[in-house]
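User: I would like to learn how to read a few structural features from coordinates. Please take them one at a time.
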Amino acid sequence: MSTPLPVVLAGARGHGRWHVENIRRLQRKGLVRLVGICELTPLTEEEFGGRLPEQSADFGALLQSTGARIAVICTPIPTHTDLALTAAERGVHILLEKPPAPSYAEYRRMADGVAEAGVACQIGFQSLGSHALPAIRELVDRGVIGQLVGLGGAGAWVRDEDYFRRAPWAGKRRLNGADVVDGALTNPLAHAVATGLALGGSSRAEDVTGIETELLRANAIESDDTSCVRITTAQGHPVTVAVTLCAERADEPYVLVHGSSGRITLWYKQDRVLLQRADHGPEEFEYGRTDLLENLVAHLTTGADLLVTPDETGAFMRVVEAIRQAPDPAPLPETAWHRIPGENRRVVPGIDGLVAAAADTLSLYSELGAPWALPPARRKEVSTR
């Protein structure tokens, strides 16, 4: 059995706690060992839940002193590129949380630097490790739902106002002069965008030919909390994704694959698939999932293919860039939302149905007749050609 690979985790609080648990799981399997944690404020043993490895606020020095082979980076979005390059320059392989960068230029700087250094880099879109994706692609290739027409994504989530105060960068488009581009489409529901692009075979930057955005907000934030995007692809299959963090009821996000004689629904957090087609009853399937850190370890030890390389997130980063360049999200009129008593959250009545209708018809909110939707003059359309 091979020696466990030493891992340093940058960012062990917030979502980083999930990475702590995942590293512990792989540690029990003898695949990795956690040798360092990089946090500006050190963790306590009580907070960590056990004996702590070496800690430092200096990421580069920590990689050096621990002899890390892998760095897991789960830090604020604007720090991703510099930390990834710090690891790459030291020959340390990387698992980088999504979104990989706040702008296309920063993404390219990261991806080019990593490639030049010759290290492996996995981007943390966990849904792209689902075994449902190759299974759905095979169904489409076999013509089970006829000709591929397009893909829709839907995300109706509930987030209270404290969610946007969980970190200084939360709900921000910019912070201290640096791009952040937090928002429903680029961060919490980014998987809906990335998974829709991947299922359509349009995950690379050159696969995107145009992007339309409608960005709105009910909360008192800079970024969007209720938004939709339609991506025109070189493959001819539009990808429309509609999301909100102001749903009436929280629902499982999903991607719809539309065919000329059927459709496939993937609830991507559950790896659950529903196949509906002409002259057949509905069929349901459940799939497993390959953990992305485990896949990175397998890549380094057995030569397994990486599942989510930086190049495979280029199309997603085109969407991030279009959102970055779009006008600031328009505030919804106060008549379009209300607070839920006792829950400290804002709700947009009717948004759950609009999100589903957008995925179902590949339409934008304005085309569905939402009374608060952006007029054409406020919509942003970007050509990437």
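User: Is Cys121 buried or exposed?

Analyst: Some ground rules come before the answer. This is a predicted model, in which local features need pLDDT of at least 70 and side-chain atom pairs count only at pLDDT 80 or more, while totals for chains, interfaces and linings use all residues. Residues are numbered from 1 along each chain as its sequence is written, and side-chain values use heavy atoms, with hydrogens and water left out. Buried means under 20% relative accessible area, exposed over 50%, and partly exposed in between (1.4 Å probe, protein chains only). Cys121 has 3% relative accessibility and counts as buried.

User: How many disulfides are there?

Analyst: A disulfide is a covalent bond between the sulfur atoms of two cysteines. The test here is a pair of cysteine sulfur atoms within 2.5 Å, and by that rule the count is zero. For Cys121, the closest cysteine sulfur is in Cys74, 14 Å away, which is too far for a bond. Cys246 is in no disulfide either; its nearest cysteine sulfur belongs to Cys228, at 14 Å. Cys246 is also buried, at 0% relative accessible area.

User: Which residues have the most contacts inside the largest nonpolar core?

Analyst: In soluble globular proteins, nonpolar side chains tend to be buried together. A nonpolar core is a set of buried Ala, Val, Leu, Ile, Met, Phe, Trp, Tyr and Cys residues joined through side-chain atoms within 4.5 Å. The largest one has 100 residues, and those with the most contacts inside it are Phe59, Ile94, Ile231, Val257, Ile264 and Phe316. A separate second core holds 26 residues, including Ile351, Val355, Ala359 and Leu364.

User: How many residues of helix α4 are buried?

Analyst: Helices (H or I, at least four residues) and strands (E, at least two) are DSSP runs, numbered from the N terminus. Helix α4 spans residues 80–89, and eight of its ten residues are buried. Among them are His80, Leu83, Leu85 and Ala88. Their cover includes α3 (59–66), β4 (70–73), β5 (93–96) and α5 (104–117), where contact means heavy atoms within 4.5 Å. After α4 comes Gly91, with a positive phi near 75°.

User: Which residues touch Val257?

Analyst: Leaving out residues up to four places away in sequence, Val257 touches Ile136, Val140, Ile145, Leu148, Gly150, Leu151, Leu199, Gly262, Arg263 and Ile264. Val257 is also one of the residues with the most contacts inside the largest core.
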